[in-house]
Amino acid sequence: IRLPVHMVDVVRTVQETALSLSERLRRSPTIAEISEASGLDVERVKRRAALSTALAVSALPQLQQTFRV
């Protein structure tokens, strides 16, 4: 799936913020926490998190074939 650069940047921001919060909080952060830390509104974080999940799921067959899982 090809995404516009601005969407890739937002997805990356959400992922990096979530990872940083996970390490700091020692638990999975909530959407509201990611939103506050990243400066993005809650709805935008929800959409990008869903998109990130969809991209990960769509990549599974290729990863399985590559790594013969």
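Visitor: How many helices and strands are there in the protein?

Guide: There are three helices and zero strands, counting DSSP runs numbered from the N terminus (H or I, at least four residues, for helices; E, at least two, for strands). This is a predicted model, where local features need pLDDT of at least 70, side-chain atom pairs count only at pLDDT 80 or more, and totals for chains, interfaces and linings use all residues. Residues are numbered from 1 along each chain as its sequence is written, and side-chain values use heavy atoms, with hydrogens and water left out.

Visitor: Why is Ser35 called buried?

Guide: Buried means under 20% relative accessible area, with exposed over 50% and partly exposed in between (1.4 Å probe, protein chains only). Ser35 comes in at 8%, so it counts as buried. It sits in helix α2, residues 31-38.

Visitor: What does Ser35 touch, not counting residues up to four places away in sequence?

Guide: Leu40, Asp41, Val42 and Val45, where contact means heavy atoms within 4.5 Å. The Ser35 side chain also reaches the backbone oxygen of Leu40 at 2.4 Å.

Visitor: Which residues make up the largest nonpolar core?

Guide: Seven of them: Val10, Val14, Ala18, Leu21, Ile34, Leu40 and Val45. Helix α1 (residues 5-25) gives the largest share, four residues. The term covers buried Ala, Val, Leu, Ile, Met, Phe, Trp, Tyr and Cys residues joined through side-chain atoms within 4.5 Å.

Visitor: And what is Val10 in contact with, leaving aside neighbours within four places in sequence?

Guide: Leu40, Arg44 and Arg48.

Notes: A polar contact is a pair of N or O atoms within 3.5 Å; within protein, one must be able to donate a hydrogen and the other to accept it, and residues adjacent in sequence count only if both atoms are side-chain atoms.
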